[in-house]
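Dear colleague,

Please find the structure below, handed over for your records. My notes on what was found in it follow directly after.

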Amino acid sequence: MGNELLINSANNNCRIALLKEGKLFEYHVEREDNKFTVGDIYLGVVKKVVPSLNASFVEVGYKKDAFLHYLDLGSQFNSLQKAIGMVRNQKGSIGNLNDFIVEPSIDKLGKIGDLLTKDQEILVQIVKEPISNKGPRISSELTLPGRYMIVTPFVDSIGISKKIINAEERDRLHRLIASIKPKNLGVIVRTVAEGIDVATLDRDLRDLIHKWEQGMAQLATALPGKKIIGEVNRACTLLRDMLNESFDAIVVDDKALYTDIKQYVRTIAPDKEKIIKYHQGKIKLFEQAGVERQLKTLFGKTVSVEGGGYLVIEHTEAMHVIDVNSGNRSVEEEGQAKMALNVNLSAAQEIVRQLRLRDMGGIIVIDFIDIKDPEDRKLLYQKVKELLKEDRAKASVLPLSKFSVMQITRQRVRPEMNVVTKELCPSCKGTGKIGASLLVAEKIEEDLHLVLENQNEKHIKIVLHPYLYAFFTKNIFSKRLGWFLKYGKWITLVEDSSMAVTEYVFLNENQEEIEFI
């Protein structure tokens, strides 16, 4: 089992889960009412110029004005404004840039008041979605991403991804792009273009040029705040950026979305069309794949680490703080130093997974278990850097301090993903909240195994809530029957409606509560 992309559509939301070897690594929720997606291009109007910040606030249709800094105008801002003027005044079309006369680049150290005035119309692209009480962050350095390349209007350069390290391949791609690229259009070749033939690259480039021409046609009559060029939906964006040989399956549970994705993949990667599947089972897609359970266990304040140990994750306005704890990991088995290193290395994997899963951005401070050996510190630092290479968001890592604290800054482009892991308690009619009851049944089975195998109890009675009683006893081949076949002992279950749904008690043959060792 490699990578799986599961797409669930319900209640005007599209939920997307990326699984690696069955483990949830990324989770996205796309709402139909979310207009301001990263990559969307809008016709904005300057509402306020702030010389002290060398920035301006631009109205793009959101309840808060978007923020535009001088450095985000882009070197070819004058050319962009000239193009907008030509289109808006019906003086010509600039869809085809071959005949367009590019204006000189703006001064890198210039002042925003020299270029922008109140009520001026400008084209802007969303680079950060609205977060908390802030409006979107925008840029006038427009880019159009495709499967194999990213194009930038009004520049005439060619860039190759640094991850393509073969010199001959870099030279081949540069020559191919130079032969098919029109004038006044910059191209950045993506990593997935390695080994791709010229016909496929040309088709991708033509699609992006067509997208630009359509946007310019809309600009002629668009009202301020109108979306000029829109990104594809989140599912297609993920496929465009991530689809590779490691993907085993793309499963969709909505017929219309299945058809759209199949058609999109047929365009960008025809050989991958066969891995797209339509889910028609009686059990819901996310339930069947174990995603719902993982969501309940992975978004809480406390997260378990494989092999022992756990994380405590706190979110504040300024930063995210993660504390690493050894939990019940035995020191005697490996020694203090070895234990600390092993827990920290396991925790590093879970931490990087959590960063991607929750889309945590900004400053992240991690308090690892104390490590004194400089080589062990270096090993942990290199491990975190290596794990972050798989993250699509840009991140910078600092080595551990003498207090074993690591600092990470991670690109923040969307609001942090948050999943409620508390649910209303049936016992208190909604007056309080409890941890997800989904896990209680599993905990009972773990405790039962511990009692029968390690403590050698002969007659066991479990007192529990009626919901749990029904869960273990329903059907002919119930879970309780499974226990009998596994352990050779019949377990007595007693309903007690006075107990909360997460409460249970193990009693021995003397009706005494069993203490777990």
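On the surface, a nonpolar patch is formed by Phe484, Leu485 and Trp490, which together have about 350 Å² of accessible area. Tryptophan 490 is placed in the loop between helix H12 (479–487) and strand S25 (492–495). With a relative accessibility of 47%, tryptophan 490 counts as partly exposed, because the exposed class begins over 50%. Please bear in mind throughout that this is a predicted model.

The largest cavity holds about 110 Å³ of space. Its lining consists of 14 residues, of which Gln76, Ser140, Glu141, Leu142 and Pro153 are the closest to the centre. Two elements, helix H1 (77–88) and strand S10 (149–153), each supply at least two residues of this lining. By class, the lining of the largest cavity comprises 8 nonpolar, 5 polar and 1 charged residues.

The second largest cavity has about 40 Å³ of space. Gly39, Ile41, Gln125, Thr143, Leu144, Pro145, Lys211, Ile229, Gly230 and Glu231 line the second largest cavity. Here the classes are 4 nonpolar, 4 polar and 2 charged residues.

I come next to the charged side chains. Side chains of opposite charge can pair when their charged atoms come close. The count of salt bridges in this model comes to 24, and several are described below.

Arginine 15 forms a salt bridge with glutamate 292, and the closest N and O atoms are 2.8 Å apart. This pair links distant parts of the chain, with arginine 15 in strand S2 (residues 13–20) and glutamate 292 in helix H7 (residues 291–298), 277 residues apart. Arginine 15 counts as buried at 18% relative accessibility, since the limit for that class is under 20%. Glutamate 292, at 25% relative accessibility, counts as partly exposed.

A salt bridge also joins lysine 181 to aspartate 156, where the closest N and O atoms are 2.5 Å apart. Lysine 181 lies in the loop between helix H2 (167–180) and strand S12 (185–189), and aspartate 156 in the loop between S10 and strand S11 (158–160), so the pair ties together parts that are 25 residues apart in sequence. Lysine 181 is buried, and its relative accessible area is 14%.

Within helix H2, glutamate 169 and arginine 172 are 3 residues apart and therefore separated by about one helical turn. Their side chains meet in a salt bridge of 2.9 Å, N to O. Glutamate 169 counts as buried at 12% relative accessibility, whereas arginine 172 is partly exposed, with a relative accessible area of 23%.

Finally, Glu26, Arg356 and Arg392 are linked in a network of salt bridges.

With kind regards

Definitions and conventions. Residues numbered from 1 in each chain as written. Predicted model: local features only at pLDDT ≥ 70, side-chain atom pairs only at ≥ 80, totals over all residues. Heavy atoms only, no water. 1 Å grid on protein atoms, 1.4 Å probe; cavity = no way out; pocket = protein on both sides within 12 Å on 5 of 7 lines; lining within 4 Å. Points joined across faces, edges and corners; volume = space filled by probe spheres on them. Helix = DSSP H or I, 4+ residues; strand = E, 2+ residues; numbered from the N terminus. Nonpolar A, V, L, I, M, F, W, Y, C, P; charged D, E, K, R; others polar. Patch = residues over 30% accessible without salt bridge, like charges linked within 9 Å, V, L, I, M, F, W, Y side chains within 5 Å. Areas by Shrake-Rupley, 256 points an atom, 1.4 Å probe, with all protein chains shown as cover. Salt bridge = Lys/Arg side-chain N within 4 Å of Asp/Glu carboxyl O. Buried < 20%, exposed > 50% of the residue type's maximum accessible area, 1.4 Å probe, protein only.
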